[in-house]
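Please keep the sequence and the 3D view at hand while reading.

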Amino acid sequence: MKTLETIKKELKEYDGKNIRIMEVCGTHTSSIFKNGIRSLISPRIKLISGPGCPVCVTASSYIDRLVEYSLKDNHCVLTFGDMMKVKGSELTLTESKAMGGNVKILYSPLGAVKVSMKNPDTQFVFAAVGFETTIPIYALLIEEIIKNNIKNLRIMTSLKTIIPAISYICTNEKNIDAFLCPGHVSVIIGSSVYSEMALKYRKPFVIGGFEGGHIIAAIYEIVRQISNNECNMKNMYQSAVTAEGNEKAKALIDKYFEAADDYWRGIGIIEGSGLKLRTEYKDFDAGSTSSEDVDVTPAGCKCADVILGRITPQECPLFGKACSPLNAVGACMVSSEGACGIWYRNCEV
Amino acid sequence: MKINMSHGSGGKQTEDLINRIFLKHFDNNILNRLEDAAVLDIKGKIAYTTDSFVVTPLFFSGGDIGKLAVCGTVNDICMMGAIPKYLTAGFIIEEGAEIETIDKIAFSMKLSAEEAGIKIVAGDTKVIEGQGGIYINTSGIGEIVKSGVSISNCQKGDAIILSGNLGDHHAAIMSERMEIENNIKSDCAPLVSIVKNLFDSNIEVHCMRDVTRGGLATVLNEISSASNCGVEIYEAVLPISNEVRGLCNILGLDPLYMANEGKMIAVVPGKQAKTALEVVRKSRYGENAQIIGHIVDGSGVTMITTLQGSRILDVLYGEGLPRIC
């Protein structure tokens with residue numbers, strides 16, 4: 001078995017053909033910067049950020065609906081912090097709050113149950129945004145709403161599934177050689193789905209954890225496979241990811257949600273890439289995303305090209321000029337998991 | 001009993017409030033005279049600063065707004081090479097605030113002021129409409145005992161000592177606001193002991209800065225820019241408690257950008273680094289101190305990561321909001 005030092009040395013000295021690896025998850029992107037991974041590998045190995053930040057792919061019309069609720073009498077929008085700064089077609093939730101809108105930041109969806117029971121005269125709308133990692137918790141939230149017979153809390157979903165997005169990239173973008181698959185999402189969906197992808201698209205799919213050492217090991221495995229003309233799924237996060245994933249969580253998702261076409265900010269509709277509340281739970285829906293959603297892309301914004309791996313954040317003409325974390329034009333600059341924001345904060349200007 | 005507008009009228013109720021709470025707790029021969037202004041005896045150069053405190057909740061694990069209001073100003077004075085002497089306190093109180101709450105806050109200020117060796121010599125109270133909020137402004141004066149301590153005074157080869165764990169205050173406040181149960185306590189504390197001991201041990205301190213809003217990364221950038229130098233720090237030696245690290249992982253926060261209220265950095269000549277570290281570690285609130293990096297050529301702040309990669313640290317942008325996943 002090779003030591004971390006040997007692996008680091010080999011990656012630094014790699015002089016084979018150029019390899020472009022897409023890390024799908026924003027937490028990976030963040031960890032790559034925090035650990036200085038780029039400084040540890042050969043410039044021939046490019047790390048490209050993918051579409052795995054839920055905030056970055058939410059349509060602007062969805063934000064508009066949240067803003068509208070926040071400004072309505074007796075209404076309150078409950079949200080995670082990241083959504084506060086994402087622009088709708090005109091306003092962010094931060095701006096609507098400054099105008100007197102009622103917005104409260106939560107850290108857990110189940111906190112919504114508590115706050116709505118405490119304030120029975122206020123109508124609450126929970127902004128349920130996320131990938132497979134957070135969706136089971138939204139399912140639990142619906143269960144709690146039903147169990148406690150809560151009448152003043154509904155959810156507005158913008159829920160995406162990662163596999164259709166990766167398939168979309170494999171079909172439409174020819175410049176990605178391999179995928180560093182998301183650790184958290186894979187805990188839920190399992191590793192076997194990537195085996196099919198590896199076979200179908202003839203690329204390595206490697207699941208990695210989030211520590212610096214995990215990421216280095218996953219990159220090394222990808223480089224090894226490409227150097228040997230292999231294209232396999234490899235689960236390098238076995239402590240958390242099983243072949244079939246978390247069956248209980250998957251059953252919970254399936255109970256309340258069903259697949260639907262969904263709109264991805266900057267990209268458009270990806271078939272079967274969203275989850276919506278099943279018809280029998282429609283009463284809990286405050287206006288979730290669908291293929292009907294629309295998006296206002298600000299002039300010059302290249303967020304879509306960034307999350308599809310066509311360009312790096314630095315290659316967007318607005319990056320670091322018109323668009324910065326203090327004055328974000330595109331959603332990717334807003335979130336702590338958004339590629340542009342991560343690149344900017346880490347001085348890749 | 002609750003505060004109402006008459007407590008701010010300047011009449012009988014105002015006098016009662018002052019006598020029953022502020023004079024009782026802050027009791028000293030300068031304040032007790034109740035003159036229009038405090039008359040102070042001070043020699044030589046002074047450091048003079050002010051700060052306002054608007055924290056919610058008013059009471060949190062490890063502290064409260066009163067302790068914060070004293071320690072915040074005390075620490076700013078200390079960072080200029082001064083020993084804190086006198087403090088003023090202005091209270092803006094919204095009607096509806098409980099008098100008992102104000103009493104608790106004033107008592108907490110008394111304890112912190114005693115520990116820091118500072119006298120609260122003047123004050124003011126205003127009552128405004130509202131919902132029971134309490135805001136405090138303090139200003140303070142200290143006697144300079146070591147001149148030339150400045151963020152523009154760092155020199156190549158200097159060592160950077162951090163006095164203790166990062167992120168505790170920020171994590172404690174976030175936990176309170178989000179009703180997350182844990183054992184994290186705010187680090188809110190006066191840093192007088194560390195600063196006095198450094199000077200008493202003849203450490204040639206070039207720069208001191210308390211690591212408050214914006215966190216360590218922001219402070220180091222301020223130093224880099226003011227002293228026209230580069231700063232290099234080492235991730236592996238950064239003191240961060242496991243609980244704060246865990247909370248940061250859950251909420252997507254970075255301890256390098258989180259606020260502290262009882263932590264400082266001292267930049268000292270490289271050859272005195274070890275001695276200075278021992279001095280800080282033996283001082284109150286300095287037991288977890290570490291030499292976290294050095295002043296180097298160039299510009300900006302670079303962190304050598306645990307994996308030996310390099311990461312550039314910029315200032316904090318916007319507000320550190322909990323992330324979505």
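In this report, contact means that heavy atoms lie within 4.5 Å of each other. The model under discussion is predicted.

**A serine in a loop of chain B**

Ser283(B) is located in the loop that runs between α8 (273–282) and β11 (290–296) of chain B. Is Ser283(B) buried or exposed? Buried means under 20% relative accessible area. Ser283(B) has a relative accessibility of 3%, and therefore it counts as buried. When residues up to four places away in sequence are left aside, Ser283(B) touches Ser193(B), Ile194(B) and Asn197(B). With Asn197(B) there is also a polar contact, made between the two side chains at 2.8 Å.

**Paired strands in chain B**

Gly230(B) has Gly300(B) of β12(B) as its bridge partner. On the β13(B) side, Arg311(B) stands opposite Met303(B). The strands β12(B) and β13(B) form a hairpin with 5 residues between them. In this hairpin, Gln308(B) adopts a positive phi near 75°.

**The interface of chain A and chain B**

How many residues of each chain are in contact with the other chain? Chain A contributes 34 residues, and these are in contact with 23 residues of chain B. The area buried between the two chains is about 2400 Å², and carbon and sulfur atoms give 63% of this area.

Between chain A and chain B, the count is 1 salt bridge. In a salt bridge, the side chain of Glu179(B) meets that of Lys114(A), with an N to O distance of 2.9 Å.

Which elements give two or more residues to the side of chain A that touches chain B? They are α1 (4–12), α2 (26–34), α10 (212–227) and α13 (339–345) of chain A. The largest share, 3 residues, comes from α10(A). By residue class, the side of chain A that touches chain B divides into 18 nonpolar, 9 polar and 7 charged residues.

Conventions. Residues are numbered from 1 along each chain as its sequence is written. Chains are lettered from A and ligands numbered from 1 in the order in which they are written. This is a predicted model: local features need pLDDT of at least 70, side-chain atom pairs count only at pLDDT 80 or more; totals for chains, interfaces and linings use all residues. Side-chain values use heavy atoms; hydrogens and water are left out. Helices (H or I, at least four residues) and strands (E, at least two) are DSSP runs, numbered from the N terminus. Buried means under 20% relative accessible area, exposed over 50%, partly exposed in between (1.4 Å probe, protein chains only). A polar contact is a pair of N or O atoms within 3.5 Å; within protein, one must be able to donate a hydrogen and the other to accept it, and residues adjacent in sequence count only if both atoms are side-chain atoms. Two strands pair if DSSP finds at least two bridges between them. Buried area is the accessible area (1.4 Å probe) that two parts lose on being put together, summed over both. A salt bridge is a side-chain nitrogen of Lys or Arg within 4 Å of a carboxyl oxygen of Asp or Glu. Ala, Val, Leu, Ile, Met, Phe, Trp, Tyr, Cys and Pro count as nonpolar, Asp, Glu, Lys and Arg as charged, and the others, Gly among them, as polar.
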